[in-house]
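Q: I have a structure to go through. Can we start with the contacts and then move on to the overall build?

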Amino acid sequence: MNSTLSKWLQAPSIIVLLLWMLVPLSMTIYFSTVRYHLLYPERTGFVGWSNYEFFYTDPSFWPAILNTLILVGSVLVITVVLGLAIALLINRSFPGRGIVRVLLISPFFIMPTVNALLWKNMMMNPIYGLFAVAAQSVGAEPIDWLSQYPLLSIIFIVSWQWTPFAILIFMTSLQSQDQEQLEAARLDGAGAWAQFRYLTLPHLMRPIAIVLMIQMIFHLSIFAEIFVTTGGGPGTQSTNLAFLIFSQALQGFDIGVASAGGVFAIILANVVAFFLVRLIGKNLTV
Amino acid sequence: MMTDRQRERLKHRIAAICAWLVAILFFFPIFWMVLTSFKTELEAIAVPPTVFFDPTLENFRLIEERTDYFSYALNSIITSVGGTLLAMLIAIPSAYAMAFNPGRWTKDILLWMLSTKMLPAVGVLMPIYLICQKFGVLDTRIALVVIFALINLPIIMMILFNYFREIPKEILEASRMDGASTFNEITQIVMPLAWGGIASTALLSIVLLWNEAFWSINLTSSDAGTLVALVASFSSPEGLFWAKLSAVSTLACAPIVVFGWFTQRQLVQGLTFGAVK
């Protein structure tokens, strides 16, 4: 294949993605520097940095950034650790392993909206929810999870959906581990921990990198779960950056400020992407 | 005293029981949702919860009566499959060219593509909304198909690139010596060899698009509404009608969950970029 043809073949994907990125981005940047309020359409004109200042000095700004990072970080740790543990648990064959596997991965296919509604109503509702019923049956005071521990609850809900994803990948990867090597280590007297630490974990480095990367892509802009459950509250306790922009744009009707927020979100995504690439780049043959 | 062998067997048995317990724990919320969908509204919020009851199909009947489930389901199928096909159409030639004729920038281009996936959609919602309005495609399937193709294109490119790279170059060189054109090369040699990879990529993309919430909720209403939008429409005014909510959720999730069960092996291949066999 000559290089001209190669360029022609590559062009469509690069061009559409460039358009998909640049057109909205430049519009967002433009909106972020003008007055654009849906309720006051007569107010127009260039305002410079003031939308950014407004967004940046919003008392929710730093909590939102912090919540975004806490949310992503906690979900990553929980899903990787739990996913690894469960994948190891079901690695050896036992009666009904096929069914166990199907049960374990099912939450991954549930829609995020359904997932959030399910937990919000049927599990975490302080009166009728199963958690409350369980607490009462042992004589404890039922907890209103979503208003008392909003961020924790969301971390829990998201982890329930994504741990199966980690299990699915680690499980498959464990199957390809060299059994003879493990057997040899065992004969040489290596304990279970040593086997895990020096053989299994190195074998899993690449799958772990993949799990981290894909999840980070999806979790940086988590929206549906928050929208459906807490609406970012109470206060700003469960507002992440994506939700803060949403509430500025669609609840505050201020496109200018929301666009400034969009620019912040894009910057944050790029900062994270930069570190991510350094972290993952070594483990991923691109 | 137990012998080593007995101890080993006991350990296995305990591990198996733990595995079953964990699996039941993970699946329980889904089971509970399906169970609730067959209850009456009163039974659904009963304390203590009812486990044995006369199952009723009333909720499903009401949903069928009030909304057109099948048109929502059809929209979900058309947009998730259509978006996937469109993305594949763009991605296959590009990934092919990048894999077999990599340039100095190929790696950077791929990582840049992936980074576009990290941008929060809400940051560009207004521009996209206004563009759709301008072209008069708000609440149409075609708008959703195009957007779905674009949001999944980076991941699809990444996965296909990795698959194509695993095809030995010697095979292509041999075919070129025999005078095969690039078109023949793709259709007769690369596609058959990468077929498994292409299929698993497509399956993964369909699952992700089926569950995509942000764009389907914000850009569609009645005409092009997907099942995600249907569930969302049931959630706000009827948040406390758990039985109906469960029924509509069950209907919305069942197709893709069953689909996922049958294709789990291919899905893993797609998700791990073909790296984990």
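Q: Among contacts in chain B between residues at least 6 apart in sequence, what percentage join residues at least 24 apart?
A: The share is 76%. Keep in mind that this is a predicted model.

Q: How many helices and strands does chain B have?
A: There are 12 helices in chain B and 0 strands. The pattern along the sequence is accordingly α-α-α-α-α-α-α-α-α-α-α-α.

Q: What radius of gyration does chain B have, and what would a compact globule of 277 residues have?
A: Chain B comes out at 24 Å, whereas a compact globule of 277 residues would be near 19 Å. Along the principal axes, its C-alpha atoms fill a box of roughly 75 × 75 × 30 Å.

Q: How many of the residues of chain B count as buried, in percent?
A: Of its 277 residues, 54% are in the buried class.

Q: Is Cys253(B) buried or exposed?
A: Cys253(B) counts as buried because its relative accessibility is 2%, and the cut-off for buried is under 20%.

Q: What about Cys18(B), what is its relative accessible area?
A: Cys18(B) has 33%, so it is partly exposed, that class lying between the 20% and 50% cut-offs.

Conventions:
Residues are numbered from 1 along each chain as its sequence is written. Chains are lettered from A and ligands numbered from 1 in the order in which they are written. This is a predicted model: local features need pLDDT of at least 70, side-chain atom pairs count only at pLDDT 80 or more; totals for chains, interfaces and linings use all residues. Side-chain values use heavy atoms; hydrogens and water are left out. Helices (H or I, at least four residues) and strands (E, at least two) are DSSP runs, numbered from the N terminus. The radius of gyration is taken over C-alpha atoms; the globule rule is 2.2 Å times the number of residues to the power 0.38. Buried means under 20% relative accessible area, exposed over 50%, partly exposed in between (1.4 Å probe, protein chains only). Contact means heavy atoms within 4.5 Å.
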